[in-house]
Amino acid sequence: MNTAHLTVNPAATIGAINPRLFGSFIEHLGRAVYDGIYEPGHPLANADGFRTDVIELVKELGVTAIRYPGGNFVSGFKWEDSVGPRSERPRRLDLAWHSTETNEIGLHEFQNWLDAVDSELMLAVNLGTRGTPEALDLLEYANLAGGTTLSDRRAANGRSEPFDVRIWCLGNEMDGPWQLGHRSADDYGKLAAQTARAMKAFDPDLELVVCGSSSSSMPTFAEWERVVLTHAYDAVDYISCHAYYEDKGDLGAFLASGIDMDRFIRSVVATADHVKAVRGSDKTIEISFDEWNIWYNTRFENVDKIEGVDNWPVAPRLLEDQYSVADAVVFGSLLITLLKHADRVTSASLAQLVNVIAPIMTEPGGAAWRQTTFFPFAETARHATGVALDVAVTSGTYPTDAFGDVPLVDAVASHDELTGAIALFAVNRSIGETAELTVDIGGVVASGREYTVTARTLSDPDIHAANTLSDPERVGLQENTTVTREGGTLRIQLPAVSWSEVLLTPTA
Ligand code: AHR
């Protein structure tokens, strides 16, 4: 058995955990919207055609803000197509995903759905095939109370109160050659800066996200961030990061994906702070990690991609990855990494939410179920409140080609100063051995408060086990009964390839 040690000290604060860290993403892609959140013929659909079983699962997941409507989709999207009487909305080609967009769901309907799941809208504008004027039109339509043609049209279309969208994305992955309207860093930086300045002329309190690189492996990575921020620094608030991971046949490296995410965040912070220093600015740019997940993209590229000039399906099954226990452990470790950077990563979006690389799956006319990744997200979103704590883990390591020697155990904690609750999140990346984790809670005990201690773990002898339509509850969280407490010391066993949480709940 391996051993590991860490300390939960309420004074070891990393930063406040912004609730937006537990955001997600719904794109007009595959069956995310149509036959996902929206299926008017389903027995559980509400009067608006939204599946109430999916609404309940989204609420249980606890997502706080949802990025919409893309993604690659937004770079060819005309927002005007998706508002007004449905019978007049055009059907359009979606060139990003080789599909047909019916525009049956648009801004108004999506906001209605957000109201039902109690989540905030994070809205992306098209800076691919469109530009500043169309972004300003959407802003005026969405956020102005009334008195202009566009704002009055919104009221006529059924929403008299403004949507009051606070956080906006200035395009999507504009560094990617696959993106409609792909630009150089210089061209995009100028366009983003111009659009951001114009949007802030309307409302200086808007929060604006400029596109960073679509992954840290892009050939333009870091230089893209430097050039874009050199143009847009004063006008924007966040720069985006996107990262997807998959097991490409090296499980040890896959389990260490959090190391890659950690380096990515550090590099973007360093680049943003370099621009800050060059400009002599007192403003700090934050990170919106607005696409992160496990994605078996290789399968999509080689098997699922739709082609053919006469082949433009509506809501095809695309990116419907099935997640295993091992995937969920990596996923949980990515959440740990995000929390370890809570001081700079103040917005994040799990990409995506329903059916498309998603924690929630649905069958048309049938069931909705939780994938393995649902559990670490729901638990972390529910319990990681207050501030993030650095827990200074010491553990053995294992060698990887990709990242050198990687710690077997990774962890982070949170402390809710209002309630006193403490939550510890930990992964054991060992493929074969349990880790005996010792936790020094002397600093917690010193407060004089009494706590109950509970622990739950996601693991399985079959690390490839998954939840499916025919076996939707195959994998779930189990009470971890190995947890013990003696004074200021906790002990718990973390099985091989596992994600765990330990909750210290004040008794009064
Ligand atoms: O989330 C799927 C796709 O991944 C998004 O549309 C795009 O932004 C990214 O490449």
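Select helix H2 (107-117) to begin. Helices here are DSSP runs of H or I with at least four residues, strands are DSSP runs of E with at least two, and both are numbered from the N terminus. Eight of the eleven residues of H2 are buried, so this helix is largely enclosed by the rest of the structure. Buried means under 20% relative accessible area, exposed means over 50%, and partly exposed lies in between (1.4 Å probe, protein chains only). The model is predicted: local features need pLDDT of at least 70, side-chain atom pairs count only at pLDDT 80 or more, and totals for chains, interfaces and linings use all residues. Residues are numbered from 1 along each chain as its sequence is written, and side-chain values use heavy atoms, with hydrogens and water left out.

**Stop 1: around helix H2**

Colour the buried residues of H2, which are Leu107, His108, Glu109, Phe110, Gln111, Trp113, Leu114 and Val117. These residues pack against H1, E4, E7, helix H3 (132-143) and helix H4 (149-156); contact means heavy atoms within 4.5 Å. Next, select Gln111 alone. Is Gln111 buried or exposed? Gln111 counts as buried because its relative accessibility is 8%. Leaving aside residues up to four places away in sequence, Gln111 touches Leu121, Arg159 and Phe163. Move on to Asp118, which follows H2 and has a positive phi near 60 degrees.

**Stop 2: helix H1**

Select helix H1 (residues 52-61). Its residues Asp53, Val54, Ile55, Leu57, Val58 and Leu61 are buried. An α-helix has 3.6 residues a turn, so residues three or four places apart point the same way. The buried residues of H1 pack against H2, strand E13 (360-362), strand E14 (368-370) and helix H11 (374-383). Just after H1 comes Gly62, with a positive phi of about 85 degrees.

**Stop 3: the barrel**

Two strands are said to pair if DSSP finds at least two bridges between them. Phe25 stands opposite Arg67 in E4. With H1, the strands E3 and E4 make a right-handed β-α-β unit; right-handed means that, with the strands pointing away from the viewer, the path from the first strand over the helix to the second runs clockwise.

Which residues of strand E4 (residues 65-68) are buried? Ala65 and Arg67 on one side, and Ile66 and Tyr68 on the other, are all buried, and both faces of E4 are covered. In a regular strand the side chains alternate between the two faces of the sheet.

Show the whole barrel next: eight strands form a closed barrel with parallel pairing, in the order E3-E4-E7-E8-E9-E10-E11-E12. From one strand to the next, the twist averages 30 degrees. Axes are lines fitted to C-alpha atoms, for helices over the stretch in contact, and angles run from 0 to 180 degrees between N-to-C directions. E4 is joined to strand E7 (residues 120-125) by four bridges in the parallel sense, and Glu120 is the bridge partner of Ala65. E7 also runs parallel to strand E8 (residues 167-170), again over four bridges, with Met122 opposite Ile167. Outline helix H5 (residues 185-202), which lies across E8 and strand E9 (207-210) at about 155 degrees to E8.

**Stop 4: the open sheet**

Select the seven strands of the open sheet, in the order E2-E15-E19-E20-E26-E22-E23, with antiparallel pairing. Strand E2 (13-16) and strand E23 (478-479) are the edge strands, each pairing on one side only. E2 pairs with strand E15 (residues 387-389) over three bridges, and Ala16 stands opposite Val387.

**Stop 5: strand E25**

Finish at strand E25 (residues 489-494), whose covered face holds Leu490, Ile492 and Leu494, while Thr489, Arg491 and Gln493 form the uncovered one. Strand E21 (residues 435-440) pairs with E25 in the antiparallel sense over six bridges, and Leu490 is the bridge partner of Val439. Strand E24 (residues 484-486) also runs antiparallel to E25, over three bridges, with Glu486 opposite Thr489. E24 and E25 form a hairpin with two residues between them, and Gly487 in the turn has a positive phi of about 55 degrees.
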